[in-house]
Amino acid sequence: MVHGAAAFLSAKVWWPLFPVLLLLVVIALSAATVFVIKRKASKTDVVLQVSTLVLYLFTAVAAMASESGALSPHVHRLPSLVTQALLLAQLVRVWHREGARPLCVLNLIAWGGILADTALHFLVKPE
């Protein structure tokens, strides 16, 4: 029987949060991509946003494949870091731009979801 903090950080308790975070990030990145396309943003903004969404989807597929044992768990880490770098680049580009607040909020939500997923991987103890 597991007691205390070990039970609190059990994978059995926290595992359902991973798909929720995945969905949150995909929705936020998709909405941000639609935002830049509908707003007829610069080509650089569109390329950054579409690249971020596509790379995150690749990262998610690689992470799911690593969960099933088809890939090494390390395969999805580099694309995840590149996704975060693209999000940061987009945030720096549009931070003070007028009318870009929704884009910043959506990208911050996505980045927060990715960071929460990363933190959970370190905190959750496998059973």
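The buried residues of helix H4 (residues 43-67) are covered by elements that include H3, helix H5 (77-94) and H6, where helices are DSSP runs of H or I of at least four residues, strands are runs of E of at least two, and both are numbered from the N terminus. Those buried residues, meaning residues under 20% relative accessible area, with exposed standing for over 50% and partly exposed for what lies in between (1.4 Å probe, protein chains only), are Asp45, Leu48, Gln49, Thr52, Leu53, Tyr56, Thr59, Ala60, Ala62, Ala63, Ala65 and Ser66. This is a predicted model, in which local features need pLDDT of at least 70 and side-chain atom pairs count only at pLDDT 80 or more, whereas totals for chains, interfaces and linings use all residues. Residues are numbered from 1 along each chain as its sequence is written, and side-chain values use heavy atoms, with hydrogens and water left out.

The chain as a whole has 6 helices and 0 strands, so that its elements read α-α-α-α-α-α from the N terminus on. Of its 127 residues, 35% are buried. Where contact means heavy atoms within 4.5 Å, 68% of the contacts in the chain with a separation of 6 or more join residues 24 or more positions apart.

Two packed helices are described by the angle between their axes and the distance between the axes. The axes of helix H3 (residues 17-38) and H4 come within 9 Å and cross at roughly 160°, the axes being lines fitted to C-alpha atoms, for helices over the stretch in contact, and the angles running from 0 to 180 degrees between N-to-C directions. H3 and H4 are therefore roughly antiparallel to each other, a term for angles over 145 degrees, as against under 35 for roughly parallel, 65 to 115 for roughly perpendicular and oblique for the rest. On the H3 side the contact is made by Leu22, Val25, Val26, Leu29, Ser30, Ala32, Thr33, Val36 and Ile37, and on the H4 side the residues include Asp45, Gln49, Leu53, Tyr56 and Met64. By class, this contact of H3 with H4 has 14 nonpolar, 4 polar and 1 charged residues, with Ala, Val, Leu, Ile, Met, Phe, Trp, Tyr, Cys and Pro counted as nonpolar, Asp, Glu, Lys and Arg as charged, and the others, Gly among them, as polar.

The loop between H3 and H4 holds Lys40, which has a positive phi of about 50° although it is not a glycine. Most residues other than glycine have a negative phi. Lys40 counts as exposed because its relative accessibility is 73%. After H4 comes Gly69, with a positive phi near 95°.

Pro79 counts as buried because its relative accessibility is 9%, and, leaving aside residues up to four places away in sequence, Pro79 touches Leu55, Phe58 and Thr59. Pro79 and Tyr56 are 23 residues apart in sequence, with 7.3 Å between their C-alpha atoms.

Helix H6 (residues 101-123) has 23 residues that should span 33 Å at 1.5 Å a residue, which agrees with the 32 Å between its end C-alpha atoms; the expected span is 1.5 Å times one less than the number of residues. Asn107, a residue of H6, is buried, with a relative accessible area of 0%. Not counting residues up to four places away in sequence, Asn107 touches Leu29, Ala32, Gln49, Leu87, Gln90 and Leu91.
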